[in-house]
Amino acid sequence: MTWLVTGGAGYIGAHVVRAMVADGQSVVALDDLSTGDAARVDRGATLERGSILDRGLVRRVLREHEVTGVVHIAGKKQVGESVADPLLYYRENLEGLVALLDGCRAKGVDRFVFSSSAATYGLPDVDLVSEDTPGSPLSPYGETKLVGEWLLRDCERAYGMRVMSLRYFNVAGAATAALGDSGITNLVPMVFDRIEAGERPRVFGDDYPTSDGTCVRDYVHVADIADAHLAAARALDTGEPGATYNVGRGAGSSVLDVLRVVAEVTGRDTTPDMVARRPGDPARIVAQVDRIRAELGFCAGRDLVAMVDSAWTAWRAARDHL
Ligand code: WQD
C-alpha cells in the first residue's frame with residue numbers, strides 16, 4: 001500500500017512524509033516546488049515534481065506508484081494573500097482538490113486525509129472550539145478549507161470514499177534543524193526575523209478580552225501534526241470511517257507568553273512594540289481535542305518551549321548555511 005502526500009516538500013508535508021516513512025509506510029510525495037524544497041523530502045520516499053492541477057500527472061502518479069491513499073497538504077495557506085487574490089486560492093485549493101479527486105475516483109483511491117484549518121471557525125465565541133462549532137471563515141483561505149471539507153463529505157456519500165479532515169491550529173517548531181519553517185508569515189518566525197534584525201517584535205493589539213490583552217492561540221508542534229496524519233492514515237488503512245478532527249494541544253498561549261518563551265530560548269530581549277490590532281484576528285481560538293484522543297488515541301505531547309526551541313535551532317541552521 002502506498003500513500004501519496006501532496007505538498008510533501010513543504011514545511012508540514014515534509015514532516016508528514018518523514019513520520020510515515022519512519023512508520024514503514026510506502027510514500028510518494030508530489031510537489032510543484034513553488035514553495036517546497038526537494039531537499040526536505042525524506043530519502044525513504046519518492047518525489048514526483050508537478051502540480052495537482054495537472055490531471056495527466058496526477059493519474060500517472062496514482063497509477064505508477066499504485067497509490068492506495070492520499071494525504072492532501074498541497075495548497076496556499078496565507079490569510080492576507082487570500083484576501084488580496086481570492087481566485088488564486090480558489091484555483092489552487094479547490095480546483096486543485098477537484099482535479100486530485102477526479103484522479104482518485106478514476107484510479108479507485110478511496111482513502112483521503114485532508115489538511116484543513118482552524119481558520120474554518122472564524123471568530124468563535126467559545127472557550128474551547130469543538131468540531132461541532134459552526135464554521136464561519138473570515139478569509140477566502142478559510143472558505144477554501146471549509147468548502148473543501150464539504151466537497152469531500154459529498155464524495156464520501158456519492159463514491160464511498162473515507163475522509164479524515166484535520167483542522168490544524170497554530171503550527172510551530174521543527175522535528176529536525178533541516179525542516180524548519182522557511183516562511184516568515186506566522187508569529188514565531190516573524191519574531192525571530194525582528195530580533196535578528198535588531199528590531200523589537202510587534203504585538204498586534206493589547207486590548208483584547210484576554211488575561212494579558214493579547215491574542216490567545218493553540219500552538220501545536222509540527223511533529224505532533226505529522227503524528228496526527230499518521231494516526232489518521234493508519235485508521236483508514238484498518239477500515240475506520242472518516243471523521244473531522246481538531247489538531248491542537250487544547251491549551252492557549254498569548255502572544256506575550258510566546259515572546260517570554262522566545263526570550264528564554266534565545267537569550268534575546270523580546271520587549272515588544274504594541275501596535276494596532278490586525279483585522280480579522282480572533283481574541284482567542286483554542287481547540288477542544290477530546291474527539292481525536294478518544295477515536296484515534298492521538299494527543300499532542302510537545303509543549304511551547306519544545307516548539308520555540310526547535311524552531312530557533314532550525315532558524316539558526318538555515319542562516320548559518322547562508
Ligand atoms: C498568531 C497571533 C497575531 C505576528 C493563521 C491562519 C491559520 C493558520 C495559522 C494555516 C495572532 C499575533 C503575529 C506578529 C503578532 N494557518 N502576531 N505579531 O493568524 O492565528 O493563524 O496561521 O492553517 O489558518 O489564520 O497565526 O501566527 O499569523 O498569528 O502579534 O508579528 O500572533 O495577531 O494573534 P493566526 P499568526
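Ala, Val, Leu, Ile, Met, Phe, Trp, Tyr, Cys and Pro are counted here as nonpolar, Asp, Glu, Lys and Arg as charged, and the others, Gly among them, as polar. By that division, the shell around the ligand in this predicted model has 10 nonpolar, 4 polar and 4 charged residues.

**Shell around the ligand**
- The ligand is surrounded by 18 residues, of which Tyr141, Arg202, Arg217, Arg278 and Asp281 are the closest.
- Helix H6 (187–196) and strand S8 (202–204) each contribute at least two residues to this shell, and S8 gives the most, with 3 residues.

- Arg202 places a backbone N or O atom 2.7 Å from a nitrogen atom of the ligand.

**Largest cavity**
- The volume of the largest cavity is about 40 Å³.
- Its lining is formed by Asn246, Val247, Gly248, Arg249, Val289, Ile292, Arg293, Phe298, Cys299 and Ala300, and by class these comprise 6 nonpolar, 2 polar and 2 charged residues.
- Strand S11 (243–247) and helix H9 (290–296) each supply at least two residues of that lining.

Notes. Residues numbered from 1 in each chain as written. Predicted model: local features only at pLDDT ≥ 70, side-chain atom pairs only at ≥ 80, totals over all residues. Heavy atoms only, no water. Near = heavy atom within 4 Å. Polar contact = N/O pair within 3.5 Å; in protein donor to acceptor, adjacent residues only side chain to side chain. Helix = DSSP H or I, 4+ residues; strand = E, 2+ residues; numbered from the N terminus. 1 Å grid on protein atoms, 1.4 Å probe; cavity = no way out; pocket = protein on both sides within 12 Å on 5 of 7 lines; lining within 4 Å. Points joined across faces, edges and corners; volume = space filled by probe spheres on them.
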